[in-house]
Amino acid sequence: MRATLRAKAIAVCNEKIAKKGETVGLSFYAFFANRNDDPELLMEAAEWWIRTHELDHFEKAVKIREMISSGV
């Protein structure tokens with residue numbers, strides 16, 4: 001996952017956790033606007049989420065933040 005996507009994903013996780021608490025869940029779609037303005041980046045996130053790590057559609061934001069921060 002490219003550095004810009006990692007940074008954006010961590011920021012989104014932090015924002016969701018701050019607003020809704022440590023138990024909040026999210027999907028990789030949370031990292032993008034409602035419009036699909038960067039399909040390549042969206043597919044990169046989907047690949048990391050679905051194929052590489054075989055995550056469920058919704059996962060805890062804390063878990064995702066830790067995975068991304070650790071470089072997984």
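In what kind of crossing does α1 pass α3? Before we get there, a word on what you are looking at. This is a predicted model, in which local features need pLDDT of at least 70 and side-chain atom pairs count only at pLDDT 80 or more, while totals for chains, interfaces and linings use all residues. Residues are numbered from 1 along each chain as its sequence is written, and side-chain values use heavy atoms, with hydrogens and water left out. Helices (H or I, at least four residues) and strands (E, at least two) are DSSP runs, numbered from the N terminus.

Let's start with helix α1, which covers residues 3–20. The expected span here is 1.5 Å times one less than the number of residues.

Which residues of α1 are buried? They are Leu5, Arg6, Ala9, Val12, Cys13 and Ile17. Looking down the axis of α1, you would find these buried residues within an arc of 130°, so they line one face of the helix; the arc is that of the directions from the helix axis to the C-beta atoms. An α-helix has 3.6 residues a turn, so residues three or four places apart point the same way. Turned away from the buried side is a face with the exposed residues Ala3, Thr4, Ala18 and Lys19. Buried means under 20% relative accessible area, exposed over 50%, and partly exposed in between (1.4 Å probe, protein chains only).

What do the buried residues of α1 pack against? Their partners are β1 (25–26), α2 (39–52) and α3 (61–69), where contact means heavy atoms within 4.5 Å.

Now back to the opening question. α1 passes α3 in a left-handed crossing. A crossing is left-handed if the near helix is turned anticlockwise from the far one by less than a right angle, and right-handed if clockwise. The axes of α1 and α3 come within 9 Å and cross at roughly 150°. Axes are lines fitted to C-alpha atoms, for helices over the stretch in contact, and angles run from 0 to 180 degrees between N-to-C directions.

On α3 itself, the buried residues are Ala61, Val62, Ile64, Met67 and Ile68, and they pack against α1, β1, α2 and β2.

Next, have a look at some backbone angles. Most residues other than glycine have a negative phi. Glycine 21, which follows α1, has a positive phi near 95°, and glycine 71, which follows α3, has a positive phi near 85°. Glutamate 54 is not a glycine, yet its phi is positive, about 50°. You will find Glutamate 54 in the loop between α2 and β2 (59–60), where it is exposed, with a relative accessible area of 67%.

Finally, is Serine 27 buried or exposed? Serine 27, in the loop between β1 and α2, is buried, with a relative accessible area of 7%. Not counting residues up to four places away in sequence, Serine 27 touches Trp49, His57 and Phe58.
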